[in-house]
Amino acid sequence: MANSESKVDKEELGKIIIQEVAKTGKVPEEFLHKDDLSKGVDVPQEWRDVLLIDFPLLFSTLPAVADTELEKLRSALSNWGYFQVINHGIDNSFLQDVFEISKQFFNLPLEEKIKYSSSDEKVQGYAANLGRSRSQTNYWSDRLFLNLQPEENRKLKFWPQKPANFSKIIDEYSQKLTRISEAIYKAMARSLKLDEDCFIKNQGRKMAMSGGFNFYPSCPSPERVLGVKAHSDGSTMTILLPDAQVGGLQVLKHDIWYNVPIIPGALLINLGDLGEVMTNGIFKSVVHRVVTNSEKDRLSVAAFFTSEDKKEIGPVSELINEKHPQLYRKLDTVEFRSIFFEALSQGRKTLDALKL
Ligand code: OGA
Ligand code: NI
């Protein structure tokens, strides 16, 4: 009985787990877009320097040095909604450990991975597809989603026991990212001439972090299949560890898709919808997507930061004035989450629902 049940499950999963679909060598009809998708243009040369932040310079004791880097950060987040950061203090060898252990998880047999999935958990665990399956066209990626911080939000039944070091490495990674995120929230505030703790206070001391481990198998029809559809993140900020070998991330600006360049050892910081709300629209929540390729699998680890559970979040009062009237209403994380997932599954913009 138990056996035949799990067999049915496995057959069903074979249709929704993209790694299994990819093994057939064919792309089912429902993945194919009508338009040619894969072409993006390169980020213009004059923006490359602005979109690359040298982390320690943000905190330089030389005012002229710090001011230049803070101005780059302000410009990147107001014009693009993202930047890449180097010299952030996490060793490249540790980033590779995070990357490899995540890849090893996806390379486990399906039987092992589905131990961490659950049909009644919409968000956490393996194959938590975040509303993607409910949309008209499917997307070429699998995901493991875990609450990382604060520790009491973790649901350990979804944390892989294999590979053996997974939990230890990801726990350590989340602690390192907490420190970086705090420094970046401070730099964001300073770049707008605000008290450096203002974005941290606005989100509450027990800011939440969740992890999306994304696996994009190589795809036989890359020009017609997306890895992840165009979306903005629900976070205040996301820190992405992109694949250092395989590109695919694109960002949208003025209706043009730009290819995000691979910068070895860099982390990518992007603003999410709650970040745009918090800054009263001064910093932009970047719309982005992932294109596929026919040669290589791709992996990324996204860490999404949001405010403390149930805390109300809205534009900080310092950024509301005559020149910038309040753009978005206040709401708590529970309400936000329901609006976000609803909009995501329907392909609408969450921010439109939050405008005053
Ligand atoms: C995400 C995302 C981008 C990538 O997980 O929300 O946009 O490069 N990932 O995988
Ligand atoms: Ni995203």
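Predicted model: local features only at pLDDT ≥ 70, side-chain atom pairs only at ≥ 80, totals over all residues.
**Stop 1: helix α4**

Select residues 63-79, which form helix α4. Its 17 residues should span 24 Å at 1.5 Å a residue, and the end C-alpha atoms are 24 Å apart, so the two values agree. Now colour the buried residues of α4: Ala66, Glu69, Leu70, Lys72, Leu73, Ser75, Ala76, Leu77 and Ser78. What do the buried residues of α4 pack against? Their partners are α3 (45-48), β2 (52-54), β3 (82-86), α7 and β11 (267-271).

**Stop 2: where α4 meets α7**

Two packed helices are described by the angle between their axes and the distance between the axes. To see the contact, show the side chains of Ala66, Leu70, Leu73, Arg74 and Leu77 on α4. On α7, show Ala187, Met188, Arg190 and Ser191. Sorted by class, this contact has six nonpolar, one polar and two charged residues.

**Stop 3: helix α5**

Select residues 92-106, helix α5. With 15 residues at 1.5 Å each, α5 should span 21 Å; the distance between its end C-alpha atoms is 21 Å, which agrees. Highlight Phe94, Leu95, Val98, Phe99, Ile101, Ser102, Phe105 and Phe106, which are buried. Turn the view to look down the axis of α5: the buried residues fall within an arc of 165°, so they line one face of the helix.

**Stop 4: Gln124**

Go to Gln124, in the loop between α6 (110-113) and β4 (125-126). Is Gln124 buried or exposed? Its relative accessibility is 5%, so Gln124 counts as buried, the cut-off being under 20%. Leaving aside neighbours within four places in sequence, the contacts of Gln124 are Phe145, Leu146, Asn147, Asn153, Lys155 and Phe158. Then draw a distance from Gln124 to Arg154: the C-alpha atoms are 9.6 Å apart, while the two residues are 30 apart in sequence.

**Stop 5: two cis peptide bonds**

Most residues other than glycine have a negative phi, and most peptide bonds are trans. This stop and the next show exceptions. Select Gln149 and Pro150, which are joined by a cis peptide bond with omega about -10°. Pro150 lies in the loop between β5 (142-149) and α7. Pro163 is also placed in the loop between β5 and α7. The bond from Lys162 to Pro163 is cis, and its omega is near -10°.

**Stop 6: two residues with positive phi**

Find Lys193, in the loop between α7 and α8 (198-203). Lys193 is not a glycine, yet its phi is positive, about 60°. With a relative accessible area of 74%, Lys193 is exposed.

Next, find Asn280 in the loop between α9 (273-278) and β12 (288-291). Asn280 is not a glycine either, and its phi is positive at about 55°. Asn280 has 2% relative accessibility, so it counts as buried.

**Stop 7: Leu226**

Select strand β7, residues 226-231, and centre on Leu226. At 4% relative accessibility, Leu226 counts as buried. Which residues is Leu226 in contact with, leaving aside its neighbours within four places in sequence? They are His33, Leu37, Tyr139, Trp140, Arg289, Val290, Val291 and Thr292. One of these, Tyr139, is 87 residues from Leu226 in sequence, but the C-alpha atoms of the pair are 5.6 Å apart.

**Stop 8: helix α10**

Finish with helix α10, residues 333-346. It has 14 residues and reaches 20 Å from first C-alpha to last, close to the 20 Å expected at 1.5 Å a residue. Colour Thr333, Phe336, Ile339, Phe340, Ala343, Leu344 and Ser345, the buried residues of α10. These pack against β7, the strand of the previous stop, and against α9, β15 (331-332) and α11 (350-354).

Note on methods: Residues numbered from 1 in each chain as written. Chains lettered and ligands numbered in written order. Heavy atoms only, no water. Helix = DSSP H or I, 4+ residues; strand = E, 2+ residues; numbered from the N terminus. Expected span 1.5 Å × (residues − 1). Buried < 20%, exposed > 50% of the residue type's maximum accessible area, 1.4 Å probe, protein only. Arc of directions from axis to C-beta. Axes fitted to C-alpha atoms, helices over the stretch in contact; angles between N-to-C directions. Contact = heavy atoms within 4.5 Å. Nonpolar A, V, L, I, M, F, W, Y, C, P; charged D, E, K, R; others polar.
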